[in-house]
Amino acid sequence: MSGKLVTITAPLSGTFYAAPSPESPPFVEKGQRVSQGEVVCIIESMKVFIELRTDYAGTVKKILLQDEDMVKKNQDVMELELD
């Protein structure tokens with residue numbers, strides 16, 4: 001599956017957060033390798049914060065949202081290139 005691109009999508013509508021807090025670095029950055037199950041962002045909906053974890057191991061190719069952007073259910077959040 002090397003080189004295959006997959007998208008990570010939002011499981012619900014809400015606000016996209018790239019980091020756990022405003023003072024913290026982002027969970028992931030473009031070009032970073034991630035492991036299966038790793039947290040890549042947080043989606044906040046109705047005061048509930050949901051950690052979004054990747055189902056794949058690979059390299060982050062694109063982050064499609066900016067911090068605090070509104071996101072819709074099933075909207076693409078980022079692209080990974082699988083190992």
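I take a salt bridge to be a side-chain nitrogen of Lys or Arg within 4 Å of a carboxyl oxygen of Asp or Glu. The model is predicted, and I kept that in mind throughout.

**Entry: salt bridges**

I applied the rule and counted three salt bridges. I started with Glu 51 and Arg 53, whose side chains meet at 2.8 Å, N to O. I then looked up the accessibility of both residues. Glu 51 has a relative accessible area of 43% and is partly exposed. Arg 53 is partly exposed as well, at 45%.

I went on to Lys 61 and Glu 81. Their side chains form a salt bridge at 3.0 Å, N to O. This pair links distant parts of the chain: Lys 61 sits in strand S6 (residues 58-63) and Glu 81 in strand S8, 20 residues apart. Lys 61 comes out partly exposed, with a relative accessible area of 33%. Glu 81 is also partly exposed, at 25%.

The remaining entry on my list was Asp 83 with Arg 33. The closest N and O atoms of this salt bridge are 3.1 Å apart. Asp 83 lies in the segment after S8 and Arg 33 in strand S3, so the pair ties together parts that are 50 residues apart in sequence. I noted Asp 83 as partly exposed, at 46% relative accessibility.

**Entry: the open sheet**

Which order do the strands of the open sheet take? I read it as S1-S8-S6-S3, four strands with antiparallel pairing. S1 (5-9) and S3 (33-34) stand at the edges with a single partner strand each, so one side of each has no neighbour in the sheet.

S1 pairs with S8 (residues 76-82) in the antiparallel sense, over five bridges. Across that pairing, Ile 8 stands opposite Met 78 in S8.

**Entry: strand S2**

Next I followed S2 (residues 14-17). Two bridges join S2 to S7 (residues 70-71), and the two strands run antiparallel. Gly 14 stands opposite Val 71 in S7. S2 also pairs with S4 (residues 39-45), antiparallel again, over three bridges. There I found Phe 16 opposite Ile 43 in S4.

I picked Thr 15, which is in S2. Is Thr 15 buried or exposed? It counts as buried, because its relative accessibility is 12% and the cut-off for buried is under 20%. I listed the contacts of Thr 15, leaving out residues up to four places away in sequence. Thr 15 touches Ile 42, Ile 43 and Glu 44, and also Glu 68, Asp 69, Met 70 and Val 71.

**Entry: the whole chain**

Last, I stepped back to the protein chain. How many helices and strands does it have? I found zero helices and eight strands. The pattern along the sequence reads β-β-β-β-β-β-β-β. The radius of gyration is 12 Å, close to the 12 Å that the globule rule gives for 83 residues, so the chain is as compact as a globular protein of that length. I noted the span of the C-alpha trace along its principal axes as about 40 × 25 × 20 Å.

I then looked at burial and surface. Buried residues make up 36% of the 83 residues. The chain exposes about 5,200 Å², and carbon and sulfur atoms supply 50% of that area. For contacts between residues at least 6 apart in sequence, I recorded that 63% join residues at least 24 apart.

Terms used
Residues are numbered from 1 along each chain as its sequence is written. This is a predicted model: local features need pLDDT of at least 70, side-chain atom pairs count only at pLDDT 80 or more; totals for chains, interfaces and linings use all residues. Side-chain values use heavy atoms; hydrogens and water are left out. Two strands pair if DSSP finds at least two bridges between them. Buried means under 20% relative accessible area, exposed over 50%, partly exposed in between (1.4 Å probe, protein chains only). Contact means heavy atoms within 4.5 Å. The radius of gyration is taken over C-alpha atoms; the globule rule is 2.2 Å times the number of residues to the power 0.38. Accessible areas come from the Shrake-Rupley method with a 1.4 Å probe; for residues, only the protein chains shown count as cover.
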